Amino acid sequence: MFKIEKIDGKTYVRGIKGGTGYVTLTVTNDENKTFTERLFISIYKRVENCTGKLNKVADGYRGASDNANVEKEDAKGKIAKDTEVNVIASCSDYYLIKTKDGRLFDDELDTAFVKKADIYIPVKAIEIVDNNIKVKKGDFININNNSKFSNEELKLYGNDIHNVSVIIKPSIATNKGLTFNISNRRIISYDENNRIEALRTGDTNIAVVSKDNKDIKDQLNVTVTNEISKNILGDFYLTGSSGIDLNVVEYSKSLRANEYFIQQKNGETWKTVYEFYGNKAPGLKVRLLNKKIGKKYTYRVLARKVNYVVNNIKDKDRKVPKDYEVLAERKSNEIVISTGAPTLNGQVVGNGINKKIKITWSNLQYSRNPKKVKIYYKLFEIKNGKYKHIKTIKSKGKPGATMTYTTAYDGNEHRFVAKSYYQKKKKSKKHKSKLGNIVIIPAEITAPQTTTQQTSN
């Protein structure tokens, strides 16, 4: 905060930065008596001279503290509510004020420290540093850092965020909040996270208004060019799982995407089988029904960033917009799902002679009434290229529950595969799947035996 300096035999206290602290003075006289005095030092920083008003009856203090503990009383006089004062400096949580009417405090000075929370300082003016900007479609406009972006969004959008600075006078105004009024929301939009986004080519303006006083404002003129931002959509991925007669696909959210299309491959073309619209679209898990057991299906997701043009801006997320423009689109990874085929996992468990092979898979689900169908799993072991049926296991538990088969492990390599089938009634046709993945249990690795031969000369 400050340092002590001696110049020409005199001691000075030099302020370094704003804040408060203590200086202890110790003096010893000719009779070897020691006297000590402690000083409370307030280092303040000058601010642009402005007017404030007391929002309550408040105390004026000798220093920037209500408990400096160096005087009998830190307070040196009351200031009435709604009293106008000149604010001339700042120190920690206090302002140094000067009375406007020449009133003197108990120490015969017209200045005092007042808690910042006790003074309301109005906004007198706002000024946009650069009133004219050009942006691309898909860019963001961030005015005085009011917009809220996640770290992931900042990393993705980076150069596509245009920061606009607004000078608020005085800089120590109590309420420095701003609101934005957009003249044409078909060209730029404004959401609940204070993010202003360029939508379509054209010219518009944004009135930047002080929350403290609606009559205090400035205008930002915006030109949206026909160019499109490069980094609009974020990465996302697609995963899937199989049921007896259905496929389950789940996709993660792509940043800024507001349309998602789940597509199924038919030959060389892709057909949309499910679609979702909305700015707040989360990652979704979708059950695709009536799939043939034993058949393989290939899926992907197409994510798009679309600008809707509607009469009412609140209707922009509705499913069938009047008009729209696709700014960007991105495809996910492709996945292949074998309907009805259980996905096996295998491992060796236990120790010593008690080692066992444990085969697990997730119980498959049926898309219609599960109480009217029975699901079975046939496990096979592959030996010398032939499939040997070793066990038939009836479905147990809810869909997704872990099914288990355990057998002894002899240290040799084993290969297992499975298929499922379901039957609606005892005498009805059995719907069988094709064989799924092959699980390989490797042979136990043992260290080779070595012999030592001694030779003599």
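Author: A salt bridge is a side-chain nitrogen of Lys or Arg within 4 Å of a carboxyl oxygen of Asp or Glu. The model discussed here is predicted.

Reader: What makes R415 and E413 a salt bridge?

Author: The closest N and O atoms of R415 and E413 are 3.3 Å apart. The cut-off is 4 Å, so the pair counts as a salt bridge. R415 is partly exposed at 33% relative accessible area, and E413 is partly exposed at 45%. Elsewhere, salt bridges with shared partners join E153, D191 and R195 into one network.

Reader: How many salt bridges does the whole structure have?

Author: The search finds 18. One of them is between the side chains of K115 and D66, at 3.1 Å from N to O.

Reader: Why is the pair of K115 and D66 said to tie parts of the chain together?

Author: K115 is in strand β10 (residues 111-115) and D66 is in the loop between β6 and β7, so the bridge joins parts 49 residues apart in sequence. K115 has a relative accessible area of 27% and D66 one of 38%.

Reader: Why is D139 called buried?

Author: Its relative accessibility is 0%, and buried means under 20%. D139 meets K136 in a salt bridge of 3.6 Å, N to O. K136, at 22%, counts as partly exposed.

Reader: What makes Y61 and Y94 an edge-to-face pair?

Author: The ring centres of Y61 and Y94 lie 6.0 Å apart, with 90 degrees between the planes. Y61 is in strand β6 and Y94 in strand β9, 33 residues apart. Both residues are buried.

Reader: How do you know that F180 and Y190 are edge-to-face?

Author: Here the centres are 5.6 Å apart and the planes stand at 85 degrees. That is within the 6.5 Å limit and over 60 degrees, so the name applies. The pair links F180 in strand β17 with Y190 in strand β18, ten residues apart. F180 is buried at 4% relative accessibility, while Y190 is partly exposed at 21%.

Reader: What makes the charged end of R256 count as sitting over a ring?

Author: The charged end of R256 is 4.9 Å from the centre of the Y157 ring. The distance limit is 6 Å, and the charge must also be within 35 degrees of the ring normal. Y157 also forms one aromatic cluster with F140 and F149. In a further case, the charged end of K116 sits over the ring of Y95, at 5.1 Å from its centre.

Reader: Which residues have the most contacts inside the largest nonpolar core?

Author: They are I141, I143, I206, V208 and L220, in a core of 24 residues. Strands giving two or more residues to this core include β14 (140-143), β20 (202-210) and β21 (217-228). L220 touches, among others, I133, I141, I143, V164 and I206. Apart from this core lies another, of 21 residues, among them Y366, I375, Y409 and F416.

Reader: Why would nonpolar side chains be found together?

Author: In soluble globular proteins, nonpolar side chains tend to be buried together.

Technical notes
Residues numbered from 1 in each chain as written. Predicted model: local features only at pLDDT ≥ 70, side-chain atom pairs only at ≥ 80, totals over all residues. Heavy atoms only, no water. Core = buried A, V, L, I, M, F, W, Y, C linked by side-chain atoms within 4.5 Å. Buried < 20%, exposed > 50% of the residue type's maximum accessible area, 1.4 Å probe, protein only. Helix = DSSP H or I, 4+ residues; strand = E, 2+ residues; numbered from the N terminus. Contact = heavy atoms within 4.5 Å. Phe/Tyr/Trp six-rings, centres within 6.5 Å; stacked < 30°, edge-to-face > 60°. Lists of a residue's contacts leave out its neighbours within four places in sequence.
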